[in-house]
Amino acid sequence: MRRYWDLIQRSRVWRSVFRTRLPIKSGLDRSLVVFNSLTLHIHPVKVRERAIRFSYTFYLGFISFFLFVILLITGVLLMFYYQPSIPNAYENMKDLDYVVSYGMFLRNMHRWAGHLMVIVVFLHMLRVFYDGAYKPPREFNWVVGVVLMILTLLEGYTGYLLPYDQLAYWAVTVGANIIDYAPLIGKNLRFLFLGGNEIGEVTLVRFYVLHCIALPILMIGLIAFHFWRIRKDGGLHYKPEKRSRQADEAPSPVQEPSTEIIEDASGPIQVGKRIAVFPHRVPARFQTQTPPEKLVATFPHLIIREIICFQLLIIGLTVVSIFFDAPLEGLANPYNTPKPSKAPWYFLGIQEMLHKFPPLVSGILLPGLAIIGLLAVPYVSINIRREPLWVHRRPKTLLILSVATLVVAGLSSLFHAFSIATPTLLLYGLAVIPYLIRSEKGWIGWLYRRSLADWIMTWFVVVVTVLTLIGTHFRGSEWRWVWPWM
Amino acid sequence: MTDSNHNTDIEKHKSIDRRKFCIIAGSTAVGIVGAGSIAVMTDFLTPKVLREIPPRFTAGPPGIFQLNSVVYNEAYRLYIVRDERGFFYALSAVCTHLGCLVNWKSGDPSDEQGAISCPCHGSVYTRTGLVVSGPAPRPLDKYRISLIEGKLIVDTSDIVDEKDMFLKI
């Protein structure tokens, strides 16, 4: 057996396909595995040990990508049984659920992976934000990431209509009518988007093409760019060794050392850094001193982590898809609105706001501002310096913060949006504690070290989460308040 | 020597050289073609034929509607109301907030306040479609209803205001 295996490996055909000779023995072999492979050479040959720790990134970027791959595979399989027409689309769902072998399982997996991807992409963005991984030279990659998040939401939304049941029809109706409120172009945009005045067969085909072809192609392109740009911006982001307090306060522009330590089979060695691979166009004022980083070989250290991550994800999704079925209500009926009718859960924060504010504000203005705010993150210098809030001009900072809080809380209270006012005031309280009690130890010290950027992002996340939770679990018929356990 | 002098003289006088001209002409052409393709694509994606139901329909002779009654027309998503005075009006059942279908709480139209409510975001309307509470930005649409050859005709493409909404018979 072993002999035949060796024979195959030594054959000209095998060697023409796989250029790496097994077994892998030396550090050079490990490098060549990555270097010679189309799929693996997305990675550098060596990576910083600190950057690939689970406790640093939680592998949220990997997981987002793996979910995208799972969605592509399950999606293509589902397409074999799907016709975008009425009522065939709905009947196909019934067939998938009750007739097609493993149809239900595939549909479940596609749906849960889709929901999970929305969550994971959002968490990935938060992780990148809190670690400051968007700072120069990575600004544009952050922008691409935000665009990818919006595309993920659009994928979810367009996919929501495809089963063409009551849930789908009315969720998409509510979403499409929000577009109506966009100034000037709203009416035409909605007509173009739906391919008519009402959701119908034309809309179904449009959403189908967007969901299965147009958006995935766009996403594949942007994901490739996102990955490529990580390499060009100096590899996976990592946090350097904790600097001393002094260095923290006055970052001095110091050139990076020209050598890094590489962990090889024979022990750590120093090698020259390849300037061509790590171009540094970081403005001097943002540069900070970094000690030499320990590097490990991508193969096997990073690859094994990715494989484990992927396998755990697949196992988790499989278990969930076996035990929880994707919902399917009755055939879409344009003449009967179910009670309550809700948008997909990731838009329920917007729907909750629609209940409080005029549609132009909650449907267009606030989401638009949120997106512009996210896109602008890496181009605003307070987000790059990230100094503790109370370092300079303490009374003036307090005044501005108090006025801003009062305006936000006051305006939202005016519209009875206490779900926005309450978290705003609570976070304001937390932010002011280090002003009142001067301490650099314990939890007050931790609060003291938070920057303005931290506070604003945390406020945004808390408000979005509260609104979404209320919209999902605390709203019943006619959008009245209900307790989920009653 | 004279040649080079001649050249520099030309360069001094002309404000645009061949290279610059080609760049401007080329990028303008690309810009026009680009804008044109966007316009053509938008036009391509705009449906020209809508297989939607015709806007006018016959609701039947007035005699079939009782005084003080509400009849829901499912296909056109509207209520045909005959009030206690015997007047007719046609009220859209599509909520002006986000397009959910509103519900008439009971078949009795005499309940003035809060006769109509929306299941999605809790807008409440009076029986003539005025907003009582909730996020709805404007009253429910009223369609022109007329009596032609003894039959009630509703035209959903003709939205009328308060003073034209009633058909007085």
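How many bridges join strand S3 of chain B to strand S4 of chain B, and in which direction do these strands run? The views below, taken from a predicted model, begin with this pair.

**View 1. Strands S3 and S4 of chain B.** Strand S3 (residues 78-82) and strand S4 (residues 88-92) of chain B are joined by five bridges and run antiparallel. Within this pairing, Tyr79(B) is placed opposite Leu91(B) of S4(B).

**View 2. The open sheet of chain B.** Six strands of chain B make up an open sheet with antiparallel pairing, and their order is S1-S10-S9-S4-S3-S2. Strand S1 (56-60) and strand S2 (69-73) of chain B lie at the edges with a single partner strand each, so one side of each has no neighbour in the sheet. From one strand to the next, the twist averages 30 degrees.

**View 3. The contact between chains A and B.** Chain A contributes 25 residues to the contact and chain B contributes 21 residues. On the side of chain A that touches chain B, helix H9 (166-180) and helix H14 (348-356) of chain A each supply at least two residues, and the largest share, five residues, comes from H9(A). By class, this side of chain A has eleven nonpolar, ten polar and four charged residues.

**View 4. Helix H9 of chain A and its surroundings.** Twelve of the 15 residues of H9(A) are buried, so the helix is largely enclosed by the rest of the structure; among them are Tyr169(A), Trp170(A) and Asn177(A). The buried residues of H9(A) pack against helix H8 (139-161), helix H10 (186-194), H14 and helix H15 (359-376) of chain A. The end C-alpha atoms of H9(A) are 21 Å apart, which agrees with the 21 Å that its 15 residues should span at 1.5 Å a residue.

Definitions and conventions:
Residues numbered from 1 in each chain as written. Chains lettered and ligands numbered in written order. Predicted model: local features only at pLDDT ≥ 70, side-chain atom pairs only at ≥ 80, totals over all residues. Contact = placed C-beta atoms within 7 Å. Helix = DSSP H or I, 4+ residues; strand = E, 2+ residues; numbered from the N terminus. Nonpolar A, V, L, I, M, F, W, Y, C, P; charged D, E, K, R; others polar. Expected span 1.5 Å × (residues − 1). Buried ≥ 20, exposed ≤ 12 C-beta atoms within 10 Å, placed from the backbone. Pairing = 2+ DSSP bridges. Axes fitted to C-alpha atoms, helices over the stretch in contact; angles between N-to-C directions.
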